[in-house]
Structures are given as structure tokens and as C-alpha cells.
Amino acid sequence: MVNVVIDGKRIAAEEGLTVLEAARRAGIHIPTLCHHESLAPYGACRFCIVEVTQRGKTRLMTSCTLPVSQGQEIQTATEKVMRIRRMLAELMLARCPASRTVRAIAADVGVKKSRFRALSDAVCQACGACERRRNGLSTIVGEAGCILCGMCVRLCDDVLKIGALAFEGRGANRQVTTPFREMTEVCMVCGACSSICPTHAIEHHRIRPREPQPIPSEFEEGLTSRKPIYVPFPQAVPNVPVIDPVHCTHFKTGGCNVCEDNCEVQAINHAMQDEIREIEVGNIILATGWDLFDCRRIPQYGYGRLPNVFTSLEFERMCNASGPTGGRIVLRDGVTEPKSVCIVHCVGSRDAHYNQYCSSICCMLSLKLGHLVMEKTQAKVYACYIDMRPNKKDYEEFYQRLLEEGMLFVRGKVAEVTDVARFPHEEGKLIVQVEDTLLGKQRRIPVDMVVLMGALEPRHDAREIGLKAGISCGAAGWFIERHPKLDPVATMTDGVFIAGACQGPKDIPDSVAQGAAAAARVQGLITKGTVMIEPVVATVDEQRCSGCRICNNLCPFNAIAFVADDAVSRINAVLCKGCGTCVAACPAGAIAGSHFANEQVEAEIEGLLWDAHGNGSWAEGEELAPAGVPNNEL
Amino acid sequence: MTRVSTPEDVARFSGHYRQDLELSAGYLSILEDVARFRAELCQRQPETVVLVSRGTCGRARGADSLIRTLEKEIARTESNGRVRLRITGCLGYCDCEPIVIIRPRGYFYPRPKDEDIPEIVDKSVMRGEPVERLFMKDVVTGQIVRTENEVPFYQNQIRILFESNFEIDPTSIEDYIRIGGYSALVKVFREMKPEQVIEEVTRSGLRGRGGAGFPTGVKWASCRKAQGESKYVICNADEGDPGAYANRGLLEGNPHSVIEGMIIGAYGIGADEGYVYVRTEYPLAVELVAKAIGEARRIGLLGKNILDTGFSFDIKVNRGGGAFVCGESTALMASIEGRPGEPRAKHIHTVEKGLWDRPSTLNNVETWANIPLIINRGADWFAQIGTGDVSQNPWGGSKGTKIFSLVGKVNRTGLVEVPMGISLREVIFGIGGGVADGKKFKGVQTGGPSGGVLSEKHLDMPIDYDQLVEVGSMMGSGGMIVMDENTCMVDFARFFLGFLEDESCGKCTPCREGIARMLQILNCICQGEASEADLSLLKELAEVVQEASLCQLGTTAPNPVLTTMQYFPEEYEAHVRNHKCPAGVCKRLITFTIDADKCTGCTLCAKSCPSDAVEGEAKQPHRILPEKCTKCGICYDVCKPGAVVRD
């Protein structure tokens with residue numbers, strides 16, 4: 001700590017701070033144009049000049065570059081200092097009369113008007129200065145005018161280490177531009193320069209023919225953007241920010257440590273790597289959920305092409321009070337409220353081209369969304385359905401309620417959503433082309449917004465996960481349960497349970513019920529502490545096993561593992577269900593099913609055939625009884 | 001050791017043809033080798049030496065062809081090494097370049113033509129006779145100058161730095177060693193500890209010759225004290241001032257003196273690497289200094305374990321970044337690092353964190369060149385020359401000599417080396433021979449483009465760092481531009497501001513915007529469009545630029561404006577109030593008319609006028625058409641009876 005006096009105020013400032021920082025922390029205002037916390041001190045705008053008295057000498061210094069040192073006495077607004085600031089403000093005003101930033105700082109120091117003449121005044125000496133300045137404006141800077149604070153250059157070059165911007169020219173010719181004043185591929189279009197520019201003067205398309213692309217927020221279904229460092233979603237567990245290495249400049253250039261430098265508790269570590277952890281557990285519940293059908297696959301519905309066609313999830317986020325629009329239902333422009341909305345059912349489900357199954361939740365979801373639209377807006381809501389399936393408790397009642405509320409149901413599969421109007425009243429609208437099968441008529445419904453009820457699909461990596469867990473997927477890709485009626489939670493692999501939509505499309509109550517069931521099953525096993533295993537299991541005769549590993553991949557229960565040390569395959573008796581596949585497949589005959597050894601099976605056959613061979617012959621129509629069992633007891 | 005100061009010395013020390021010379025030692029491996037080598041060199045001396053100055057200026061005036069002719073002619077005489085042609089650097093007297101001097105008699109032939117060479121060789125070289133018709137007649141006294149000792153330009157100077165230029169071929173390290181070069185280095189290695197070197201330099205009172213006048217010893221001491229794994233010494237040869245060329249003269253004439261100074265400095269500071277930052281626009285200086293460094297390295301005066309003392313040091317040459325501001329210390333270091341030459345705030349001094357954030361000592365060419373002299377002759381000898389007393393306070397005076405580039409409207413132009421404390425009058429009227437063409441002296445600008453303009457009342461002021469700053473100017477790099485009555489002070493200030501506007505790096509607001517605006521106001525004044533308010537705005541702005549700029553370029557840039565406003569206020573008033581330019585320079589404010597009474601109708605003006613603005617019959621008074629006249633002033637210059645009136 002060093003003790004300094006700023007404007008008569010005694011301040012104990014941390015060593016290493018600049019006078020400007022110390023003054024700001026003490027609540028003393030010093031105007032600046034070129035200072036930024038994330039950038040190294042620059043000392044170019046000179047607005048922050050202060051009078052510093054030390055060891056009996058008083059000098060003018062820029063407070064942004066001057067480190068605090070013991071015994072400094074600083075005056076931030078003496079008449080001399082203000083005289084300089086006023087002149088600087090006049091100079092900057094003459095340079096950028098239109099800039100709001102410059103006008104603000106000029107007003108701050110008490111200057112309204114610059115006394116300097118315009119450069120193109122009658123006294124032109126053809127010095128070319130005005131021409132050069134105009135050219136200076138034309139490279140990457142727009143009409144707002146560059147004040148040459150150098151923040152963009154310092155950020156791009158020194159902090160981000162990209163180096164797409166630099167100063168060119170000297171003196172009055174100085175300008176911020178790209179190498180050779182040409183469009184540059186070096187620019188990563190990160191948009192940092194324009195976001196730091198105090199006058200908002202930088203025009204991106206002049207640096208690289210691309211505008212900076214916002215990073216779409218995954219949680220908000222791309223309706224808003226997020227930063228490369230972000231909290232995945234509200235109430236995330238753990239509720240801390242993550243860094244997206246794909247977009248973070250640090251991982252591209254090695255520069256930019258701004259977040260790390262600014263994190264007071266030093267929680268950010270860019271060097272941290274992904275790690276694979278192995279956790280030994282006795283039970284696994286797979287609750288991997290579902291993916292939404294990619295509605296772009298049905299081009300005639302126009303998703304991705306027509307801006308006001310939304311998916312159900314996008315619409316769901318929009319309706320959410322903590323969502324991107326704060327719960328307001330608006331068109332893609334973010335402002336306009338729709339006057340009519342059409343909800344399209346069965347997009348990608350119940351469709352021979354995509355998925356045959358019914359996604360089960362869409363009918364109720366569309367009813368809920370329709371209800372919300374009518375509640376929040378004055379819009380008319382259509383729903384184009386194939387069949388209404390409100391098939392659980394209270395669902396039908398809700399459907400009836402919506403019928404009463406005036407939601408319009410059109411029975412028929414939508415053929416097309418288009419923005420090509422055929423009639424005047426269709427101009428500027430989306431037209432939903434549908435055959436109303438109740439009326440037996442083609443209809444064109446002009447609406448402002450279309451919501452597609454995309455199908456629930458198995459997770460794209462469900463098969464991979466299933467393979468890892470030793471369970472399999474059905475034809476549609478949903479995980480197969482042990483028994484559809486009697487055991488819908490367990491799988492063919494003991495200790496692996498499934499819950500929720502990974503097993504098949506289901507709504508929240510069903511998912512909750514299945515999840516609870518799976519948890520209870522696991523709980524039961526844990527409480528018991530032991531597991532019952534099948535009496536019939538296969539065993540390997542290790543003397544005869546050649547280690548060919550043919551059996552390993554055949555086992556449907558992942559019960560066989562190859563033991564490299566002994567060069568033999570061994571069967572996990574807990575997992576084995578005694579199906580006998582490996583027994584049949586083993587070329588060396590090294591695997592035998594317990595209770596089903598060749599000798600036992602042979603003996604059984606012998607026993608069966610005993611009567612026939614020894615004591616009589618098969619009579620026509622006679623019932624076959626096992627050995628020793630009288631025929632009449634069957 | 002012996003200094004070369006008289007023609008007898010010259011005769012004693014003059015050498016052989018460079019090509020004939022063979023190093024018996026080849027490589028100087030221990031301290032004693034230097035003296036042994038020198039003794040060897042001194043034994044072999046030709047009888048006659050033909051000196052030709054071939055600095056950049058001499059080359060521009062045809063020194064190369066002169067040298068070719070001389071070589072041919074000397075070869076013709078079959079002198080077998082009795083005659084040596086010594087191609088030196090700049091000899092300082094610009095009006096006479098290229099100069100040919102024939103020693104031992106010292107015949108001084110200014111600007112001889114190629115066809116004069118055979119006669120010079122036949123008579124002066126072979127027979128020691130003068131060629132009378134080629135001697136110079138002094139512009140001021142009208143006397144014939146026959147030998148180098150009679151040259152009035154040299155007579156009033158104290159040439160402790162520059163005299164060696166006569167004795168040295170800059171490409172020959174042997175020449176330098178023969179006249180005692182590198183003896184200071186040997187002395188330092190043999191007798192002095194690094195602290196003693198710094199103490200000696202501090203005691204001498206040497207202050208930075210780049211212009212700011214920071215005591216060299218003090219700078220070295222703080223660099224020695226600074227913590228750093230390695231340290232640098234840098235020679236600033238980025239002499240960007242228009243009209244100043246003293247550093248070039250030294251580097252092109254005697255590069256080894258700078259190198260020796262740098263090695264001594266590095267030893268004192270504890271540096272192991274040096275840079276010579278030379279302006280790119282000085283190709284000859286770059287070439288010669290690089291060659292000199294190569295030679296020094298070749299014979300073992302640079303590199304690892306120099307002369308078996310355990311001290312290692314080497315120098316690299318770095319060509320300048322092509323900007324005036326690159327001469328500023330922090331900008332220069334940024335430029336060496338490969339970044340654009342832009343200054344930074346110097347709250348942390350470069351002696352602590354300079355080049356690549358390591359302690360660095362930056363000194364001007366002239367400062368470095370003074371070091372061997374101080375070591376050899378002692379601090380006391382050096383401190384005798386100059387003003388003030390530095391025994392207590394290193395800022396207490398200005399010591400030693402200073403080289404000025406005396407240019408402008410003066411009779412004898414060139415590099416003058418004078419002791420500190422000499423008056424401007426002695427330099428301009430004594431050495432320079434007064435204002436050219438018999439015109440009246442008006443002012444002199446010292447210290448380059450951002451120096452101030454001093455008026456007649458300052459002529460008797462002693463020149464030293466502090467006096468110049470006191471009157472609003474500065475020592476700068478030693479430019480001295482003399483102005484006569486035909487110079488408009490507003491136009492003059494405008495000219496230099498134009499230069500500075502162009503050379504401002506543009507980083508800080510006051511310098512970038514302020515100079516451009518000052519220039520704009522001056523343009524208005526020169527056009528007669530300015531008001532009194534503009535004048536006060538100009539003064540206000542100039543003061544802010546002076547106070548608030550980031551580096552010395554900005555803080556000194558208003559000097560020409562402020563000093564001309566202070567010492568020549570009447571000229572500004574004439575421009576603003578009366579819309580007149582008293583010196584007749586600002587075109588918008590002057591008109592040319594023909595006095596019909598005086599005009600003889602000779603038609604000369606009409607014939608010379610490039611824009612056909614003069615009309616009139618022969619033998620009849622002529623008339624200038626104001627709408628066509630471009631005010632070029634040709635008619636005014638050609639009119640013999642003085643009938644053209646400039647108003």
C-alpha cells in the first residue's frame with residue numbers, strides 16, 4: 001500500500017495501480033478517451049492529464065500511465081489541467097463533430113463548440129489533409145468517425161493476438177486499418193473491435209466480407225446468442241460458467257486472457273483439459289432423453305427458410321417468462337405480435353417417410369401452446385392434426401376446454417407451408433396448405449406464424465450408448481426394455497435400467513413414473529446387498545479355450561470378457577442368462593451351459609426315447625410322456 | 001599517445017595505400033597487441049598523402065569520379081607507395097566539397113574538376129608545387145586560401161572530434177589505430193574499473209548531444225544500477241532534422257570513434273550488446289559503420305573475450321524506421337524491436353526498462369564519439385572547455401565542444417565544431433562569415449525543426465543547453481539555420497510545422513490534432529484570412545501542445561511558433577492586421593507592379609514570365625496583369641533597373 005493524496009483526499013492505494021485506477025476507486029472522476037481496463041495503459045488521448053507534485057516538483061502527467069508512488073500529491077482538475085482538457089476537447093470536436101462520445105467528453109469538460117475552422121474552409125491550400133482524412137474514414141470506419149483511441153488495435157493485436165488491425169500512416173494521416181487497407185483473412189470476425197469501439201465507428205464488412213456471427217445459445221434454441229464464456233442454463237448444476245473452446249479466442253490465438261485476468265478469485269484456468277473418469281458402480285440408469293426431429297428434413301414446411309416457421313421447442317422457450325423474449329410471443333423480428341398462428345401436428349412422426357411411431361406428446365403440447373397463445377395474444381390459433389390423442393386423465397377435458405376457447409382444429413395433414421401468395425389477403429403471410437378431411441376440401445390458411453410439432457426421436461448417439469451399456473435398441477432406435485409389459489424399466493443387462501424418453505416417446509408424468517420406478521429398482525438392489533443370479537449359466541473350460549474370442553461379441557448380455565493375462569475368455573456368472581449362444585458357437589467346445597452339458601442333454605434325450613426304443617413303439621395319436629410319468633397325468 | 005594536430009604530425013602519421021597494408025598481427029589477442037600494432041603501422045608511412053573527402057555530400061558533388069581520376073593519375077606516376085590516396089569522410093566545409101588536400105604541404109583545392117587532376121598530380125603531388133589557379137578566394141575576406149591551415153572556416157573552430165576526419169579513411173581500422181584509436185579502450189581495460197569509467201564521464205560534465213542534455217555519466221550510473229540479465233547500449237544515429245548532418249559527418253568520417261565509445265560505455269555499464277540505429281536515408285553511413293564494426297570484430301576488438309580481458313561485447317547495425325520520431329528514445333527502441341516507431345510514456349526510464357524491457361543506455365553519435373577523448377585526456381581537460389561548473393551538479397554547465405550544422409543564408413556553410421558557451425555571433429559572423437549576399441541578419445533557428453527562432457538580440461548569448469532552453473529554443477541535434485531579411489517568420493514557422501505535422505506519429509491528441517490545427521491557422525495567417533482571435537487561439541493551442549504532448553516531438557513542436565510570435569510579433573501583426581507580408585514571401589499578401597518611371601521597356605520581364613502576365617511594347621513601360629500573375633517573383637529578380645515593385 002502506498003499513500004497518495006488525490007484532490008486533498010488521503011488514499012491508501014495498492015502498489016502497482018495507476019493514478020487513474022486509484023482515483024476511480026476513490027470515486028474521483030477523471031475523463032479519458034483511450035483507457036480501458038482490459039488494455040495496457042496507452043496515454044494517447046491526454047484527457048486524463050493531472051498535476052502531480054512529488055519531491056517538490058509539480059509536473060503534468062497522464063494519470064492512466066503513471067503508477068502510484070509514495071508521497072504523490074495529485075490535483076485532477078486544476079485550472080491548468082482543465083485548460084488543457086478544454087483545448088483537447090475542442091481539437092477532438094473539430095475532428096469528429098458527429099461523435100456522441102466526443103461530444104459527451106467535451107460537455108464533461110465544459111466545451112460546447114470548437115473554435116477551429118472546418119478543414120474544407122475557404123483558406124484551402126490544397127494540403128490534402130481533408131482528403132486524407134476522408135480517405136481515412138473510408139477504410140474500416142463509418143461516419144461516426146474514428147477518434148484514434150487505438151482500443152481496437154490494441155485489443156486485436158496485443159490482447160487477442162489476432163493482428164488484423166493496425167495503425168497506418170503518421171500524424172494527421174494516421175488511421176486504423178487492415179494490412180494494405182484490404183479485406184483480410186486474418187480477421188476472425190470475432191467482433192471484439194466493434195464492441196470495444198467507443199464511437200461505434202468500425203464497420204465490419206470493410207475488414208472482412210462477413211458480419212460477426214453471434215454464437216447461438218443452445219439452451220434458447222438459437223433464439224438468442226451467448227458469449228464464449230457462459231452459464232449453460234439457469235439453475236445448471238453446477239451453476240458456474242463454462243468456456244466454449246471452439247469460440248474462445250484464447251484457444252485460437254493463445255492471446256486474450258481477459259476473463260482470467262479479471263476473475264478476482266482466480267477460478268479460471270485455460271490450461272484445464274477434459275478428463276475421463278472411471279467410476280465403479282453397481283447399477284446404471286440410462287435417462288438419456290430424446291432429440292427433436294430436424295424439421296429442415298421436410299423442406300415443404302419451410303423451417304430454416306421461412307423466418308416465421310418455428311419448432312415446438314423454440315416456441316416453448318419463447319413462451320417462457322425467463323426465455324429470450326421474456327415470455328412475449330413475437331415473430332422472428334423480435335417485435336411484432338402474430339395475429340394468427342398455425343400449429344402443425346405430426347411433423348416427422350406418424351409419417352412413412354420419417355418415423356412411423358406416434359410421438360405421443362405433441363397433441364397435448366400443441367393444446368398447451370395454443371392455450372398460451374390465446375392467453376397472451378389476441379391471435380387466432382389453428383391446429384392441423386391427423387388424429388387428436390388426448391388419451392390420459394384429464395387430457396380430453398383440456399381438449400374440450402380449448403374447443404370452447406375457440407382454437408380452430410383442422411383435421412388433415414399439412415401439405416405445404418409457403419410465403420407465395422395467390423390472393424391479396426395472403427400477401428405477407430405464411431399460407432398453410434391443408435386438406436380438411438372432414439370437409440373434404442383443400443384449404444389455404446394464411447397465418448403470421450407456424451409452429452411445427454417436431455417428432456421425438458431417439459438420441460443421435462443412442463446406439464453407441466446402448467452398446468456401451470450392453471443393451472440394444474429397437475428398429476426406431478429406442479432402448480429395448482426387458483419386457484414391454486412386465487418389466488418396462490429393466491433391460492436385458494442386469495444392473496442397467498432405462499427411464500424416460502430414451503425408452504420411447506413419453507410425456508413428463510410417464511417419464512417421472514418410470515424414473516421413480518427405476519430408482520426404486522436400484523434402491524431395492526442396493527438395500528438387499530446381494531443379487532439373485534440365474535441357475536443356468538455358461539462356463540468356460542479354460543483348459544480347452546483357445547482364446548479365439550469368437551464368443552465375446554456374440555453374447556447378447558456382454559457377459560463374456562477376454563482375460564489377456566491368461567489368454568482365455570471368462571464368463572461373468574452374474575450377467576450370464578444361460579441363453580447358450582456361446583455354447584453353440586465355441587469352436588473348441590470349451591463352453592458348457594450348467595445343467596445343459598452335452599452329457600445331460602444326451603441323457604435327457606436318451607430318457608425321452610427310452611420307452612420308444614426299449615418298451616414299445618410309437619402309437620398313432622398317442623401322447624408322449626416323459627420317462628416315468630404315466631400318460632394319463634399329462 | 002600522440003594526437004595529430006599539426007601538419008608535422010600529419011606527415012608523421014600518414015599511412016600507406018590501404019591495399020599495400022598487411023596486418024602482421026592479424027588478430028589482436030591481448031592488450032599489448034594494440035600498441036604493438038600501432039607502432040608497426042607508424043613505421044610505414046608514405047611521403048605524400050592525397051586527401052579526398054567523400055562523404056555523402058562529396059559524392060553528390062562528384063567525388064567518386066574525382067577519385068577514379070586521381071587513382072589513374074597516381075598510378076601513372078609510378079610512385080610505388082610513396083603516395084597514398086586517402087579517401088576520408090566529410091571534412092565539414094560544405095561549400096568546398098569535394099575537397100582535395102595534398103600533404104605534407106597541405107595545399108587545399110576546393111571542388112576541383114576532373115580535368116584539373118593531372119595538373120594537381122603533376123605539380124602538387126609529384127613536385128610539391130601549388131596550382132595557383134585552383135585555390136579558393138574566401139567569400140568574406142577575399143584572400144586566396146592556399147593551404148588547409150589558412151582556411152578561415154576552420155580557423156575559429158576547436159575541432160577535437162572532427163580533426164580526426166582528416167586523418168582517417170573510414171574503411172580502415174588501421175588508420176584509426178595509427179592515430180591513437182582504441183588506446184582509450186586499452187586504458188580502460190588496463191587501469192579502470194567500470195565505476196571509475198562512469199565517474200570519469202560524470203566528472204567531465206559531458207551531457208547528451210542528442211539535444212536534451214541529460215548528463216551522460218548520470219544516465220550510465222543509473223543503467224549500471226538497474227537490474228537486468230543483460231543490458232544494451234544504443235547509438236542514436238537517426239538524425240532526422242532537416243538541415244542537420246553532424247552525426248552523419250561523424251559516422252561517415254570516423255565510425256571507429258563511435259564504436260570505441262560504445263565499447264567503453266558497455267564496459268562501464270555492464271552491457272553485452274550494442275545497437276547502432278542509423279537512419280536508412282544515410283546509406284553511406286550504414287555501409288561504413290557496418291564495415292567498421294566488421295573490421296573491429298575481425299581484429300578482435302568486438303566479440304567474445306575482447307583482448308583477453310574477459311569482457312564480451314558486440315554491436316549490431318539497425319537501419320532506421322524512416323520516421324523522424326524514431327529518433328525519440330522509446331520510439332527508437334520500439335523500432336528496433338520491430339514495432340512501429342511510436343513513443344510511450346516514460347514513467348519507467350529506459351535505463352531501467354528499455355529495449356526488450358531490459359536496461360538500455362541510448363546516446364547520440366556525438367556523445368559516444370566524445371568518450372574516447374574524455375578517457376584519454378581526462379575529465380579535467382574536457383571540463384575546461386565550456387560553461388558552468390559541473391563538479392557539484394552534473395546539470396551545472398555545458399562542457400566540451402558541440403558540432404553545429406551551420407546552414408541557411410550564411411556565407412560559409414558546413415559543420416562547425418565549437419566549444420560550448422561560444423556566442424551565436426562568433427559562429428554565424430566569425431566562422432560562418434556573416435549573412436550571404438550582404439543582406440541583413442534576421443534570425444537563427446537552433447535545434448532542428450522544433451527548435452526556436454532567435455533574433456538579433458540573442459546573438460551575444462552564449463550557446464549552451466540551459467541558455468537555449470531559457471529563451472525558448474533548444475540545442476537539439478545541432479542544427480543552426482540562419483535567416484536573412486527576406487525570410488518571412490510566419491512562413492518559416494509554417495514550413496517547419498508542415499514538416500512536424502507530417503512527422504508526428506499521430507499517437508497522442510495534442511501532437512496529431514494540435515499541430516495540424518496550428519498549421520491550419522498559420523496557413524490562414526499566410527493567406528491574410530486570420531483574425532486576432534486566431535492569433536490568440538494559436539498561442540493558446542501552442543501552449544497546450546507544448547504541455548500535454550506525449551513525447552519530445554510534440555512538446556517541442558510549438559517552439560518555432562512560440563518563439564517567432566515572441567520575438568517577431570510585428571510580422572504576425574502585419575499579416576493579420578494589415579494583410580501584408582513584410583518579407584514579401586506570402587504570395588496571397590503581395591503584389592507585383594511595375595514602376596513606369598523606372599521601367600526601360602527591356603522586355604526581359606515579359607520574356608521571363610512563365611504565365612504571360614507581363615504586357616507591354618519594347619522600349620515602353622510594361623504592366624503586370626494581376627489576374628494572370630502567379631507571384632512567382634521571377635520578374636522581380638530579373639529586372640535590372642529595379643522597376644518591378646513588390647508590395
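Two residues are said to be in contact when they have heavy atoms within 4.5 Å. By this rule, 39 residues of chain A touch 38 residues of chain B. The structure is a predicted model, in which local features need pLDDT of at least 70 and side-chain atom pairs count only at pLDDT 80 or more, while totals for chains, interfaces and linings use all residues. Residues are numbered from 1 along each chain as its sequence is written, chains are lettered from A in the order in which they are written, and side-chain values use heavy atoms, with hydrogens and water left out.

The area buried between chain A and chain B (accessible area, 1.4 Å probe, lost on putting the two together and summed over both) is about 3400 Å², and carbon and sulfur atoms give 53% of it. Six salt bridges (a side-chain nitrogen of Lys or Arg within 4 Å of a carboxyl oxygen of Asp or Glu) are found across this interface. One salt bridge joins the side chains of A:Arg174 and B:Glu342, at 2.8 Å from N to O.

On the side of chain A that touches chain B, strand 4 (57–62), helix 2 (79–95) and helix 4 (129–138) each give two or more residues; helices (H or I, at least four residues) and strands (E, at least two) are DSSP runs, numbered from the N terminus. Helix 2 of chain A supplies the largest share, nine residues.

How confident is the predictor about chain A, and what is its mean pLDDT? On this per-residue confidence scale from 0 to 100, chain A has a mean of 88, and 92% of its residues reach 70 or more. Over residues 630–634 of chain A, however, pLDDT stays under 50, and the model has eight contacts beyond four places in sequence for them.
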